[in-house]
Amino acid sequence: MTKKILLVEDDLILGETTEELLLDEKFEVVWVKDGQEALNSTFIQEFDIFLLDVNIPFINGFELLKELRDSGDKTPSIYITANIDTQSLKKGFEVGADDYIKKPFDFDELLIRIENALKKSFKSYDTIVSYDNLKYNVEEQALYLDEKLIHLSPSEENLVKYFLKNIGKILSKDELIFQTNRDSDGSDSVLRVQISKLKKIGFKITNVRSIGYKLEKL
């Protein structure tokens, strides 16, 4: 499945160039030019990674990421900025950034940093995240059972990713519905069907009464 990137950049030339290069690498890109537009975009769809400028209109990059992190959004985030002084670096990591790259940047370096941030979001530096006999390929965004590809709907694939990023944590029903169905209407009944399918595949998911679900550690 194609990885989706939210690019937040108000420099029109740099934004257009970066968007074209990412599209050439087969990423899906949503390019916005200010912090408020970026925030609105995260409410209606899920992204695999954020690429954020700092000095953007309405809501600056630091405030934007802090608001997203405070709301529980754990999407990997990389700042692309000319602000590379020590205080800016400290501020960026304090609000939840995963990485920094200085403008002007080498595009190949950006690709390396994107790949690394995606792996780290699964608490791993490997391309493959294993769970018993299941293997999730971070780069392909594909799930395999004993080397056989498991076909998942987009919302089921989102659910798999979110559970794997939060193994051992209790996740509320509302949180799971929001994270996996941002572009459509979710419900408890749909979530139950999706989780039932994941259990049959081999995920050890327990129901935490009146709260939500937890993917058990092995």
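Glutamate 156 touches His151, Gln194 and Lys197, leaving aside residues up to four places away in sequence, where contact means heavy atoms within 4.5 Å. Glutamate 156 lies in helix 6, and at 11% relative accessibility it counts as buried; buried means under 20% relative accessible area, exposed over 50%, and partly exposed in between, with a 1.4 Å probe and protein chains only. This is a predicted model, in which local features need pLDDT of at least 70 and side-chain atom pairs count only at pLDDT 80 or more, while totals for chains, interfaces and linings use all residues. Residues are numbered from 1 along each chain as its sequence is written, and side-chain values use heavy atoms, with hydrogens and water left out.

**Helix 6 and helix 8**

- The axes of helix 6 (residues 154-165) and helix 8 (residues 188-201) come within 10 Å and cross at roughly 70 degrees; helices (H or I, at least four residues) and strands (E, at least two) are DSSP runs, numbered from the N terminus.
- Axes are lines fitted to C-alpha atoms, for helices over the stretch in contact, and angles run from 0 to 180 degrees between N-to-C directions.
- Helix 6 and helix 8 are therefore roughly perpendicular to each other, since angles of 65 to 115 degrees count as roughly perpendicular, under 35 as roughly parallel, over 145 as roughly antiparallel and the rest as oblique.
- On the side of helix 6, the contact is made by Ser155, Glu156, Leu159, Val160 and Phe163, and on the side of helix 8 by Leu191, Gln194, Ile195, Lys197 and Leu198.
- These contact residues divide into 6 nonpolar, 2 polar and 2 charged, where Ala, Val, Leu, Ile, Met, Phe, Trp, Tyr, Cys and Pro count as nonpolar, Asp, Glu, Lys and Arg as charged, and the others, Gly among them, as polar.

**Helix 7 and helix 8**

- The axes of helix 7 (residues 173-180) and helix 8 come within 10 Å and cross at roughly 80 degrees, which makes helix 7 roughly perpendicular to helix 8.
- Lys173, Leu176, Ile177 and Thr180 of helix 7 meet Asp188, Leu191 and Gln194 of helix 8, and the residues of this contact divide into 3 nonpolar, 2 polar and 2 charged.

**Nonpolar cores**

- The largest nonpolar core has 43 residues, of which Leu22, Leu51, Ile114, Leu143, Phe163, Leu198 and Phe203 touch the most other members; such a core is a set of buried Ala, Val, Leu, Ile, Met, Phe, Trp, Tyr and Cys residues joined through side-chain atoms within 4.5 Å.
- Helix 5 (residues 107-120) gives the largest share of this core, 6 residues.
- Apart from this core lies another, of 20 residues, among them Val8, Leu68, Tyr79 and Val95.
- Phenylalanine 163 has contacts that include Leu171, Leu176, Ile195 and Leu198, not counting residues up to four places away in sequence.

**Backbone features in loops**

- The peptide bond from lysine 103 to proline 104 is cis, with omega near -10 degrees, and proline 104 has its place in the loop between strand 5 (99-102) and helix 5.
- Aspartate 132, in the loop between strand 6 (128-131) and strand 7 (134-137), has a positive phi of about 55 degrees although it is not a glycine, and at 47% relative accessibility it counts as partly exposed.
- Aspartate 146, in the loop between strand 8 (142-145) and strand 9 (148-150), has a positive phi of about 50 degrees although it is not a glycine, and aspartate 146 is exposed, with a relative accessible area of 54%.
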